[in-house]
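Here is a short briefing on the structure shown below.

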Amino acid sequence: MATSGSAAAARSLRHLLLRTTYGLTPELTRTVTPARRAAWLSAQLRPWTIKDPACDAVMRRFPRLSYSIPTVHAQANAGKFDSWDVMTDLCVATIARATWSKRQLLEVMVELWSNHLNITCPSSEVWDSRHRFDADVIRKYAFGRYSDMLVAAIKHPAMLMYLNNASSTRTNPNENLGREVLELHSVGVGGGYTERDVKVSALILTGLSVDWQTGAFAYRREHHHVGRVQVMGVVHPHIS
């Protein structure tokens, strides 16, 4: 029975590691034992407590990932690097983190949320902002509240550009972001919303835009719909 129990524990541990990391390594196999699994998982859920010097050293090869959106915008426009270079940095850094980071569960969750709140990288609309979406939305809220992540995503220049909300106005609303919020990011395709709900959702989001000179977030009051709105039975008498 002891042997059977040990085998079951080993299988359970293997299953855990395969679900929470990018694969078994000699180090994981050696250090994460059935007796240590709880402590290891607890640390993975608090990635800021894990020292990761090797991966941190690799990340220092990508200084542009720390640049603000206006900095990328200005330097690329000045010819200091090609406009897609920072997105390439992010792609390579993502693979490097999955390969070398000791914060494996964080990287798995970053991939999950990046797929859910999808903004294709590389993509021409987000050349100056996609790296900050990764840092300021996905990584920041990977272990936080989804509602906080969703609000941050909706207001981020990368999402506003990718789904064309940056140019959406009260007289000419673009439905892309309003539709995806309902269909993909909240109640889901079977959630009971109507086309009218999509249109009103789009109106609510008008005015959320970007500064065309810097790429940073900008709120354009003159483009924002003002008035009574109702989405899926929820009524607000006067948004402004």
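Helix 8 (residues 130-141) has twelve residues and spans 16 Å from its first C-alpha to its last, close to the 16 Å expected at 1.5 Å a residue. The expected span is 1.5 Å times one less than the number of residues. Helices are DSSP runs of H or I with at least four residues, numbered from the N terminus. This is a predicted model: local features need pLDDT of at least 70, side-chain atom pairs count only at pLDDT 80 or more, and totals for chains, interfaces and linings use all residues. Residues are numbered from 1 along each chain as its sequence is written, and side-chain values use heavy atoms, with hydrogens and water left out.

- Buried means under 20% relative accessible area, exposed means over 50%, and partly exposed lies in between (1.4 Å probe, protein chains only).
- The buried residues of helix 8 include Arg130, Arg132, Asp134 and Arg139. Phe133, Val137 and Ile138 are also among them.
- Those buried residues pack against helix 5 (69-77), helix 6 (85-100), helix 7, helix 9 (146-154) and helix 10 (157-162). Contact here means heavy atoms within 4.5 Å.

**Nonpolar core**

- The largest nonpolar core has 42 residues. Such a core is a set of buried Ala, Val, Leu, Ile, Met, Phe, Trp, Tyr and Cys residues joined through side-chain atoms within 4.5 Å.
- Leu117, Phe133, Met159 and Leu177 have the most contacts inside this core.
- Beyond its neighbours within four places in sequence, Met159 is in contact with Leu117, Ile119, Phe133, Ala153 and Leu177.

**Buried polar side chains**

- Glu107 sits in helix 7 (residues 104-116). Glu107 counts as buried because its relative accessible area is 6%.
- The side chains of Glu107 and Arg139 make a polar contact at 2.9 Å. A polar contact is a pair of N or O atoms within 3.5 Å; within protein, one must be able to donate a hydrogen and the other to accept it, and residues adjacent in sequence count only if both atoms are side-chain atoms.
- Outside four places in sequence, Glu107 also contacts Tyr22, Arg97, Ala98 and Ser101, among others.
- Gln44 belongs to helix 3 (residues 37-44). Its relative accessibility is 3%, so Gln44 is buried.
- The side chain of Gln44 reaches the backbone oxygen of Lys102 at 2.9 Å. Residues up to four places away aside, Gln44 touches Ile50, Lys102, Arg103, Gln104, Leu105 and Phe143.
- His73 lies in helix 5 and is buried at 11% relative accessible area.
- A 2.7 Å polar contact joins the side chains of His73 and Asp128. The backbone oxygen of Gln213 is 3.5 Å from a polar atom of the His73 side chain.

**Rings**

- One aromatic pair is found in a search of the whole structure. Trp113 and Tyr146 form this stacked pair, at 5.4 Å centre to centre and 20° between the planes.
- The pair links distant parts of the chain: Trp113 is in helix 7 and Tyr146 in helix 9, 33 residues apart.
- Rings of Phe, Tyr and Trp (its six-membered ring) pair if their centres lie within 6.5 Å; planes under 30 degrees apart count as stacked, over 60 as edge-to-face and the rest as tilted.
- Trp113 is buried at 18%, whereas Tyr146 is partly exposed at 26%.

How values were computed: Helix = DSSP H or I, 4+ residues; strand = E, 2+ residues; numbered from the N terminus.
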